[in-house]
Amino acid sequence: MTKKLLIPLLALTLAGSLLAACGGDDDGGTTITEPSSTEATTTGGGSSGSGGTVAFSASSGIAYDETDVSADAGSDTITFENGSGIPHDVVIEDSDGNEVASTDEITSGSTETTADLKAGTYTFYCSVDSHREQGMEGTLTVK
Ligand SMILES: [Cu+2]
């Protein structure tokens, strides 16, 4: 009689403690797994958003079409489209006056180069003749 009662009791105690342990682990595991997988997705989206394309253009005359340009920090592709028929280029200088990128000088069509840009404020200008003095310059803000 005593043995018959002891065995089911032991089994119940064991099963009970196992269930409790499992339940605890499951709850903890689920709570931790869900936010971390969400973070991984966000990080992936963030890193693919690093850098981008910075587009400059000059449609006519001695002028860029834009004077305030913004870009994402990172490895950026700098594109320049010249529809003016006048030779132009795009030179990017940091706030210390150091040249960080420059495109080819083109009279028509488009060209591109790359630049590793850190957050900050840059100046862009055309280095052909006195185009900069005639107004071909602007501000590039990198965030
Ligand atoms: Cu120019």
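## Val 91 in strand S4

Val 91 is buried, with a relative accessible area of 4% (buried means under 20% relative accessible area, exposed over 50%, partly exposed in between, using a 1.4 Å probe and protein chains only). You'll find Val 91 in strand S4, residues 91-93; strands here are DSSP runs of E, at least two residues long, numbered from the N terminus.

Who does Val 91 touch? Setting aside neighbours within four places in sequence, Val 91 is in contact with Glu 99, Ala 101, Ser 102, Thr 123, Phe 124, Tyr 125 and Ser 127 (contact means heavy atoms within 4.5 Å). Take Phe 124 from that list: Val 91 and Phe 124 are 33 residues apart in sequence, yet their C-alpha atoms sit 5.4 Å apart in space.

## About the model

This is a predicted model, where local features need pLDDT of at least 70 and side-chain atom pairs count only at pLDDT 80 or more, while totals for chains, interfaces and linings use all residues. Residues are numbered from 1 along each chain as its sequence is written, and side-chain values use heavy atoms, with hydrogens and water left out.

## The three-stranded sheet

Next up is an open sheet of three strands in the order S1-S3-S6, with mixed pairing (two strands pair if DSSP finds at least two bridges between them). Strand S1 (52-58) and strand S6 (109-117) are the edge strands, each pairing on one side only. On average, neighbouring strands of this sheet are turned by 20 degrees against each other, direction ignored; the axes are lines fitted to C-alpha atoms, and angles run from 0 to 180 degrees between N-to-C directions.

Strand S3 (residues 74-82) and S6 run antiparallel and are joined by nine bridges.

Is His 131 buried or exposed? His 131 is buried, with a relative accessible area of 4%. Not counting residues up to four places away in sequence, His 131 touches Ile 62, Ile 86, Pro 87, His 88, Cys 126 and Met 136.

The structure holds one salt bridge, meaning a side-chain nitrogen of Lys or Arg within 4 Å of a carboxyl oxygen of Asp or Glu. The side chains of Arg 132 and Glu 137 form it, at 3.1 Å from N to O. Arg 132 is partly exposed, with a relative accessible area of 25%, and Glu 137 is partly exposed too, at 35%.

Methods. Helices (H or I, at least four residues) and strands (E, at least two) are DSSP runs, numbered from the N terminus.
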